[in-house]
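Here is a short walk through one model. Keep the sequence and the 3D view side by side as you read.

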Amino acid sequence: MSYLRHFARLFSDLLAFAREHKVWWMVPLVLLLLLIAGLVAGVSTISPFIYSLF
């Protein structure tokens, strides 16, 4: 549970930084990187099961 709390704190700090320094281009970039990291983590946990099917 504390992992989600730390993630929420990090994301709110990112938004505060973007708001203060007017660097809104950074928010979609970070969201895209998080999406790619989630896909890599999801595929790497599923890949042993897919390999065993073939």
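The structure holds one salt bridge, where a salt bridge is a side-chain nitrogen of Lys or Arg within 4 Å of a carboxyl oxygen of Asp or Glu. Its partners are Asp13 and Arg9, whose side chains meet at 3.5 Å, N to O. The two residues are four apart in helix H1 (residues 2-21), so about one helical turn separates them. Arg9 counts as exposed at 55% relative accessibility. Asp13 is partly exposed, at 38%. Here buried means under 20% relative accessible area, exposed over 50%, and partly exposed in between (1.4 Å probe, protein chains only).

This is a predicted model; local features need pLDDT of at least 70, side-chain atom pairs count only at pLDDT 80 or more, and totals for chains, interfaces and linings use all residues. Residues are numbered from 1 along each chain as its sequence is written, and side-chain values use heavy atoms, with hydrogens and water left out.

Now step back to the whole chain. The protein chain has two helices and zero strands. Both kinds of element are DSSP runs, numbered from the N terminus: helices are H or I with at least four residues, strands are E with at least two. The radius of gyration is 16 Å, whereas a compact globule of 54 residues would have one near 10 Å. That radius is taken over C-alpha atoms, and the globule rule is 2.2 Å times the number of residues to the power 0.38. Along the principal axes, the C-alpha atoms fill a box of roughly 50 × 25 × 5 Å. Within H1, Asp13 again gives a scale. Its C-alpha atom is separated by 15 Å from that of Tyr3, ten residues apart along the chain.

What share of the 54 residues counts as buried? The figure is 9%. The chain exposes about 5000 Å², and carbon and sulfur atoms supply 76% of that area. Accessible areas come from the Shrake-Rupley method with a 1.4 Å probe; for residues, only the protein chains shown count as cover.

Which residues make up the largest nonpolar core? They are Leu14, Ala18, Val23, Met26 and Val27, five residues in all. H1 and helix H2 (26-53) each supply at least two residues of this core. A nonpolar core is a set of buried Ala, Val, Leu, Ile, Met, Phe, Trp, Tyr and Cys residues joined through side-chain atoms within 4.5 Å. Leaving aside residues up to four places away in sequence, Leu14 touches Met26 and Val30. Contact means heavy atoms within 4.5 Å.

Between H1 and H2 lies a loop that includes Lys22. Lys22 has a positive phi of about 55 degrees, although it is not a glycine. Most residues other than glycine have a negative phi. Lys22 is also exposed, at 63% relative accessible area.

Finally, turn to the surface. Trp25, Leu29, Leu32, Leu33, Leu35, Ile36, Leu39 and Val40 form a nonpolar patch with about 840 Å² of accessible area together. Patches are made of residues with over 30% relative accessible area and no salt bridge; like charges are joined within 9 Å, nonpolar side chains (Val, Leu, Ile, Met, Phe, Trp, Tyr) within 5 Å. Leu35 lies in H2 and counts as exposed at 51% relative accessibility.
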